[in-house]
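Please consult the sequence and the structure shown below while reading.

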Amino acid sequence: MFKKEKAFVNGKKSLSEEKEKVRAHVIIEGRVQGVFFRAHTQNEARLRKVTGWVKNRYDGKVEAVFEGEKNAVHALIDWCHTGSPHALVKNVEIRWKNYQGEFSSFSITY
């Protein structure tokens, strides 16, 4: 089998590489409830044009699904490692899934 090479133009990734769509299922652990983590996540997702949802879990963690352009989803996951101003994130678990395109916006679910 041939290995697919990534195309670079002037040291940058090709347009198709940058526009690749991805889906991530994320669990954030730490002091992430009661600190407006979900609202800030929604704002950050909308700024990056990422769709999906975020919710509090009964075990004190926050769970989210992010869909969008690869670079935007990675940036949102990077943000999750710090989170909202009063959050104290201990761990971010990421499970990569196949992009489904099932969301038209980003919402807080309950």
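The chain contains three helices and seven strands; here helices (H or I, at least four residues) and strands (E, at least two) are DSSP runs, numbered from the N terminus. Along the sequence these elements follow the pattern β-β-α-β-α-β-β-α-β-β. The model is predicted, and local features need pLDDT of at least 70, side-chain atom pairs count only at pLDDT 80 or more, and totals for chains, interfaces and linings use all residues. Residues are numbered from 1 along each chain as its sequence is written, and side-chain values use heavy atoms, with hydrogens and water left out.

Of the 110 residues in the chain, 36% are buried. Buried means under 20% relative accessible area, exposed means over 50%, and partly exposed lies in between (1.4 Å probe, protein chains only). Among contacts between residues at least 6 apart in sequence, 77% join residues at least 24 apart; contact means heavy atoms within 4.5 Å.

**The pair of helices α2 and α3**

Two packed helices are described by the angle between their axes and the distance between the axes. Helix α2 (residues 37-47) and helix α3 (residues 70-80) pack at an angle of about 155 degrees, and their axes are 10 Å apart. The axes are lines fitted to C-alpha atoms, for helices over the stretch in contact, and angles run from 0 to 180 degrees between N-to-C directions. The helices α2 and α3 are therefore roughly antiparallel to each other. In this scheme, angles under 35 degrees count as roughly parallel, over 145 as roughly antiparallel, 65 to 115 as roughly perpendicular and the rest as oblique. The crossing of α2 and α3 is right-handed: a crossing is left-handed if the near helix is turned anticlockwise from the far one by less than a right angle, and right-handed if clockwise.

Which residues form the contact between α2 and α3? From α2, Phe 37, His 40, Thr 41, Glu 44 and Ala 45 meet Leu 76, Trp 79 and Cys 80 of α3. By class, this contact of α2 with α3 has five nonpolar, two polar and one charged residues. Ala, Val, Leu, Ile, Met, Phe, Trp, Tyr, Cys and Pro count as nonpolar, Asp, Glu, Lys and Arg as charged, and the others, Gly among them, as polar.

An α-helix has 3.6 residues a turn, so residues three or four places apart point the same way. In α2, the buried residues are Phe 37, Thr 41, Gln 42, Glu 44 and Ala 45. Viewed down the axis of α2, these buried residues fall within an arc of 165 degrees, so they line one face of the helix. The arc is that of the directions from the helix axis to the C-beta atoms. The buried residues of α2 pack against β3 (21-31), β4 (51-56), β5 (62-69), α3, β6 (88-97) and β7 (106-108).

In α3, Ala 72, Val 73, Leu 76, Ile 77, Trp 79 and Cys 80 are buried. Down the axis of α3, its buried residues fall within an arc of 155 degrees, so they too line one face of their helix. The elements covering the buried residues of α3 include β3, α2, β5 and β6.

**Individual residues**

Phe 36 lies in the loop between β3 and α2. Although Phe 36 is not a glycine, its phi is positive, about 60 degrees. Lys 49, in the loop between α2 and β4, is another residue other than glycine with a positive phi, near 60 degrees.

The table lists the accessibility of selected residues.

| Residue | Relative accessibility | Class |
|---|---|---|
| Phe 36 | 63% | exposed |
| Lys 49 | 71% | exposed |
| Ser 105 | 41% | partly exposed |
| Arg 57 | 23% | partly exposed |
| Val 22 | 9% | buried |

Val 22 belongs to strand β3. Its C-alpha atom is 6.2 Å from that of Glu 69, 47 residues apart in sequence. Leaving aside neighbours within four places in sequence, Val 22 is in contact with residues including Phe 66, Val 73, Trp 96 and Tyr 99.

Ser 105 is placed in the loop between β6 and β7. Apart from its neighbours within four places in sequence, Ser 105 is in contact with Thr 51 and Gly 52. The C-alpha atoms of Ser 105 and Gly 52 are separated by 6.4 Å, at 53 residues apart along the chain.

Arg 57 is found in the loop between β4 and β5. Not counting residues up to four places away in sequence, Arg 57 touches Ile 27, Gln 33 and Glu 63.
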